Amino acid sequence: MNAPGYFISFEGGEGVGKSTQSRLLGDWLAGLTGREVVLTREPGGTALGQELRAAVMHGQDMGPRAEALIYAADRAHHVDTLVRPALERGAVVITDRYLDSSVAYQAGGRELPAREVERLSRWATRGLSTDVTVLLDLDPEVAAERRARAEGKGGLDRLERAGIEFHTRVRDAFLQRAAADPERWVVIDASAPVDDLQAQIRVDVAARLGLTPVVAEATTLDETVPDSQEGVS
Ligand SMILES: Nc1ncnc2c1ncn2[C@@H]1O[C@H](COP(=O)(O)OP(=O)(O)OP(=O)(O)O)[C@@H](O)[C@H]1O
Ligand SMILES: Cc1cn([C@H]2C[C@H](O)[C@@H](COP(=O)(O)O)O2)c(=O)[nH]c1=O
């Protein structure tokens, strides 16, 4: 565990519901734990990260190694300036994508060697791992339909343009990584409605972090019956 804080990531393809579920989980964990909750994302969780995001997703074409290095640079700066300081304050940090995205996209998708891609990110982050990673697993074609329906969605970015075979390799890479480390990963079938997914995510994340149902129940009771009203009939 990243004591004194908790570090949680959401992973999966584009449009699978990561930001929707991150927000809902953040609101719930703030109430449950009373801790500061920091919602962030990669790439683009910092001001420098937003510039790197624009370059890697909307800029000039580039080879897989340049792409991997830009994502790693974003991650290094994100961890140094935002994630680690927040964990040291005792916050719950929820990031929409982290290191596993690099292994899934740059190794699975772009077919760079997975060990090298992972080593690069471990070096960039000085070995900071998540406590829990939630994989929202969805058929890439279903996710693409969801994104197309989303209001205000512009044209496709560099990664979205990579094609169905690329996105199928990305999905398979996420599933393989999750299967290899079941203590860290929670795998959710993301085709269900938003509220059903959130209910399942809360149960699984609380269990992984050791936030037991007893704690959840006590929080609810405290909210329902404030101390000042105890004994009032
Ligand atoms: N369970 C769901 N069922 C149907 N639609 C959903 C579900 N969850 C999210 N959506 C919708 O799908 C779209 C993408 O959701 P969201 O932005 O949360 O996904 P994301 O994984 O963060 O996307 P991106 O990778 O593009 O940032 C939004 O329009 C959202 O309202
Ligand atoms: C962190 C990270 C991301 N990517 C890809 C995955 C997506 O195509 C975009 C990010 O956009 P989204 O709005 O968060 O879906 O970048 C990647 O290839 N490698 C990475 O390490």
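Predicted model: local features only at pLDDT ≥ 70, side-chain atom pairs only at ≥ 80, totals over all residues.
Residues are numbered from 1 along each chain as its sequence is written, and chains are lettered from A and ligands numbered from 1 in the order in which they are written.

I placed Glu14 in the loop between β1 (6–11) and α1 (18–33); helices are DSSP runs (H or I, at least four residues), as are strands (E, at least two), numbered from the N terminus. Leaving out residues up to four places away in sequence, Glu14 touches Ala143, Arg147 and Glu160 (contact: C-beta atoms, placed from the backbone, within 7 Å).

Next I checked Gly17, in the loop between β1 and α1. Gly17 counts as buried because it has 21 C-beta neighbours inside 10 Å. With the sequence neighbours up to four places away set aside, Gly17 touches Leu136, Ala190, Val194 and Leu197.

I also looked up the record: an unreviewed UniProt entry annotates a "binding site" that includes Glu14 and Gly17; such annotations may be inferred rather than shown by experiment.

Last, I turned to a helix pair. Helix α2 (residues 47–58) packs on α3 (residues 64–88) at about 165°, axes 9 Å apart (axes are lines fitted to C-alpha atoms over the stretch in contact, angles running from 0 to 180 degrees between N-to-C directions).

How values were computed. Contact = placed C-beta atoms within 7 Å. Buried ≥ 20, exposed ≤ 12 C-beta atoms within 10 Å, placed from the backbone.
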